[in-house]
Amino acid sequence: MSAPRYLALCGGVGGAKLALGLSRALAPEALTIAVNNGDDFEHFGLSICPDLDTVTYALAGVDHPVQGWGRDRESWNAFSQLERLGGPAWFRLGDKDIGLHLARRVLLDEGFTLSETSARIARAFGIGHEIAPMTDGRVRTQLDTADGLMPFQHYFVRERCAPSVRGIQYAGAAQSQPSPALRRALDDPRLAGVILCPSNPYLSIDPILALPGVRDALRRLNAPVIAVAPIIGGAAIKGPTAQIMRDLGIPPSAAAVARHYGDLLDGYVTDAADAPAVAEALPELRLLACDIVMRTAEDKMRLARRCLDFISRLGARQ
Ligand code: FO1
């Protein structure tokens, strides 16, 4: 039996933590990390890919330890000049981060796809694991708010999540295709499991599931699909997940997230405090109740190993 492979679907900060843990538990050829790029946008003539960069910086060990995005030990010389000259300062780019954006700009302008560009950048950081955008197409998460339809970064950063959200659209998803790496992972007969990382289901995982064929491919797998809850006891571990759920009239709970993923899941990893409510709401769903907060590298590796053990206990679907 050739070596099993795993596919992780992830978005920003929370997902990147588990992606790092999985990259420490699995050899490069055993893991594909498919990252949401619906948060991407063009700014300063640069193609900003926040979730891809968050995962890349995390696996390169150069991520900002607290902020969750951008680089550690960053300087802000270019940006402070921009501000002094009256440029738009709501979306902050540090000097090293700008360096990555310039490299991506050059590669994209030379005709490389976002997948090829991301692979080159990851290799330049010495990362062996495959970090791929969910698609090379153009998908843009847009939020339908009281102030109108808003691009994701405008909502999340410029407006600081102030407008209430009435709906979410993944513009371009229906016209896009899964990236080559995501397609390969889903079609790989050695695929032993899929992990939906603890990112915002609505903002980070749903754009990936919205790509044509992804949900069907997951349903056809004989490998189990598990998700890790991004919520403990009704409070989003990071970001606006709980608030968006309230805006959408969904109770911000681990059970509501499991219900949201519905029949895609064979298993669900949730905090021990939330397990009874999840079991009551979804009695047929296999649960792993454990500590899902990831603060240290050891936490991330431990949770990753718990997920992999859980997948092997779930075993192939009948
Ligand atoms: N988030 C902020 O709240 N403020 C920022 O100024 C900001 C800049 C930024 C620059 C590069 C990058 O890759 C991410 C950045 N983010 C910033 C975070 C970003 O909006 C989020 O990481 C994702 O879009 C949501 O996961």
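Which side chains meet in a salt bridge at 2.7 Å, N to O? The first legend below answers this, and the others turn to further close-up views.

**View 1. The salt bridge of D53 and R104.** The side chains of D53 and R104 meet in a salt bridge at 2.7 Å, N to O, where a salt bridge is a side-chain nitrogen of Lys or Arg within 4 Å of a carboxyl oxygen of Asp or Glu. The model is predicted, so that local features need pLDDT of at least 70 and side-chain atom pairs count only at pLDDT 80 or more, while totals for chains, interfaces and linings use all residues. Residues are numbered from 1 along each chain as its sequence is written, and side-chain values use heavy atoms, with hydrogens and water left out. Because D53 lies in helix α2 and R104 in helix α4 (residues 95-109), the pair ties together parts that are 51 residues apart in sequence; helices (H or I, at least four residues) and strands (E, at least two) are DSSP runs, numbered from the N terminus. D53 is buried, with a relative accessible area of 6%, and R104 is buried at 2%, where buried means under 20% relative accessible area, exposed over 50%, and partly exposed in between (1.4 Å probe, protein chains only).

**View 2. Further salt bridges.** The structure holds 15 salt bridges. One of them joins R73 to D72, with the closest N and O atoms 3.7 Å apart; R73 counts as exposed at 70% relative accessibility, whereas D72, at 11%, counts as buried. In another, the side chains of D216 and R219 meet at 3.9 Å, N to O, and both residues lie in helix α9 (residues 214-220), three residues apart, about one turn of the helix. R5, D188 and R190 are linked in a network of salt bridges.

**View 3. The aromatic pair of Y57 and F125.** A search of the whole structure finds six aromatic pairs, a pair being rings of Phe, Tyr and Trp (its six-membered ring) whose centres lie within 6.5 Å, with planes under 30 degrees apart counted as stacked, over 60 as edge-to-face and the rest as tilted. The rings of Y57 and F125 have their centres 5.9 Å apart and their planes at 85°, so this pair is edge-to-face. Since Y57 lies in helix α2 (residues 50-60) and F125 in the loop between α5 (114-124) and β5 (130-133), the pair ties together parts that are 68 residues apart in sequence. Y57 counts as buried at 1% relative accessibility, and F125 counts as partly exposed at 28%.

**View 4. The aromatic pair of F152 and F156.** With ring centres 5.1 Å apart and planes at 20°, F152 and F156 form a stacked pair. These two residues are four apart in helix α6 (residues 152-158), and are thus separated by about one helical turn. F152 counts as buried at 6% relative accessibility, while F156, at 32%, counts as partly exposed.

**View 5. The surroundings of L18 in the largest nonpolar core.** Of the 76 residues in the largest nonpolar core, L18, Y268 and V269 touch the most other members; such a core is a set of buried Ala, Val, Leu, Ile, Met, Phe, Trp, Tyr and Cys residues joined through side-chain atoms within 4.5 Å. The largest share of this core, seven residues, comes from helix α13 (residues 297-314). Leaving aside neighbours within four places in sequence, L18 is in contact (heavy atoms within 4.5 Å) with residues including I195, V228, M294 and L303.
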